Amino acid sequence: MMIRPEKPGDVGAIHSLTREAFKDRPYSDGTEHFIVDRLRDAGALSLSLVAEVQGAVVGHVAFSPVELSDGSAGWFGLGPVSVLPSHQGQGIGGALIREGLEMLRGRAAAGCVVVGNPELYRKFGFQNDPRITFADCAPQYFLTQPLSSTLASGMVTYNAAFYGGVDG
Ligand SMILES: CC(C)(COP(=O)(O)OP(=O)(O)OC[C@H]1O[C@@H](n2cnc3c(N)ncnc32)[C@H](O)[C@@H]1OP(=O)(O)O)[C@@H](O)C(=O)NCCC(=O)NCCS
């Protein structure tokens with residue numbers, strides 16, 4: 001398995017695998033593949049990594065900038081992260097998340113936030129921090145991870161691409 005930044009030829013595969021990964025998940029509204037497309041179109045796909053197995057793209061993770069109400073710079077949101085159902089449970093999603101966080105550290109990012117299953121994201125260093133909040137989900141599903149020593153507090157706003165509807 002190889003993890004690498006997306007290339008122009010990966011766009012279709014990323015769209016399909018994201019759709020397949022989230023299909024029928026009870027917490028999904030079935031639009032995550034459009035979010036990735038809109039982030040890219042908006043120039044807000046700060047980091048887009050794919051996992052390739054035997055020449056096929058089977059996993060993907062997106063990171064995009066988020067705003068903090070205290071004006072803190074250098075914060076990113078993780079997600080969507082997706083692995084094709086046939087390849088889940090083999091360490092691919094975890095490798096994508098770890099590599100993405102490592103690359104953000106390399107870019108001197110201040111921190112990263114994520115919305116999702118706390119059990120999953122705690123494995124990668126995310127925690128609930130009442131100082132950093134997000135209005136659109138229950139607090140237990142919003143986790144953060146500082147990547148620098150800079151303190152931040154406030155409300156998080158994701159890129160508008162996360163709210164753009166279903167038609168891409
Ligand atoms: C979530 C997802 C990306 C994980 O990818 P994966 O390749 O299956 O995960 P990995 O095999 O790397 O597992 C990494 C760790 O997370 C755990 N894990 C994986 N999915 C989990 C889940 N849904 N809930 C809790 N823990 C989970 C694994 O047990 C593993 O823990 P371990 O290292 O202690 O054994 C993948 O299951 C997926 O695409 N799901 C559908 C889309 C989705 O839900 N995305 C996340 C939205 S919050």
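Contact here means heavy atoms within 4.5 Å. The model is predicted.

**Largest pocket**

- The largest pocket holds about 1300 Å³ of space.
- Its lining counts 42 residues, and the closest to the pocket centre are Phe22, Tyr27, Val81, Val115 and Tyr121.
- Six elements are listed as giving two or more residues to this lining: helix H1 (11-22), helix H2 (32-41), strand S5 (75-83), helix H3 (92-106), strand S6 (111-115) and helix H4 (118-122).
- S5 gives the most to the lining, with 6 residues.
- By class, the lining of the largest pocket splits into 22 nonpolar, 15 polar and 5 charged residues.

**Nonpolar cores**

- In soluble globular proteins, nonpolar side chains tend to be buried together.
- The largest nonpolar core has 23 residues.
- Phe63, Leu78, Leu104, Cys112 and Phe126 have the most contacts inside this core.
- Strand S2 (47-53), strand S3 (56-65), S5, H3 and S6 each give two or more residues to this core.
- H3 supplies the largest share of this core, 5 residues.
- A second, separate core has 12 residues, among them Ala110, Ile132, Phe134 and Tyr158.

**Around Cys112**

- Cys112 is among the residues with the most contacts inside the largest core.
- Neighbours within four places in sequence are left aside for its contact list.
- On that basis, Cys112 is in contact with Phe63, Trp75, Phe76, Gly77, Leu78, Leu101 and Leu104, and also with Phe126, Leu143, Thr144, Gln145 and Leu147.

Definitions and conventions
Residues are numbered from 1 along each chain as its sequence is written. This is a predicted model: local features need pLDDT of at least 70, side-chain atom pairs count only at pLDDT 80 or more; totals for chains, interfaces and linings use all residues. Side-chain values use heavy atoms; hydrogens and water are left out. On a 1 Å grid over the protein atoms alone, a cavity is a set of points where a 1.4 Å probe fits but cannot get out, and a pocket is an open set with protein on both sides within 12 Å along at least five of seven lines; lining residues have an atom within 4 Å of a point. Grid points are joined across faces, edges and corners, and a volume is the space filled by probe spheres set on the points. Helices (H or I, at least four residues) and strands (E, at least two) are DSSP runs, numbered from the N terminus. Ala, Val, Leu, Ile, Met, Phe, Trp, Tyr, Cys and Pro count as nonpolar, Asp, Glu, Lys and Arg as charged, and the others, Gly among them, as polar. A nonpolar core is a set of buried Ala, Val, Leu, Ile, Met, Phe, Trp, Tyr and Cys residues joined through side-chain atoms within 4.5 Å. Buried means under 20% relative accessible area, exposed over 50%, partly exposed in between (1.4 Å probe, protein chains only).
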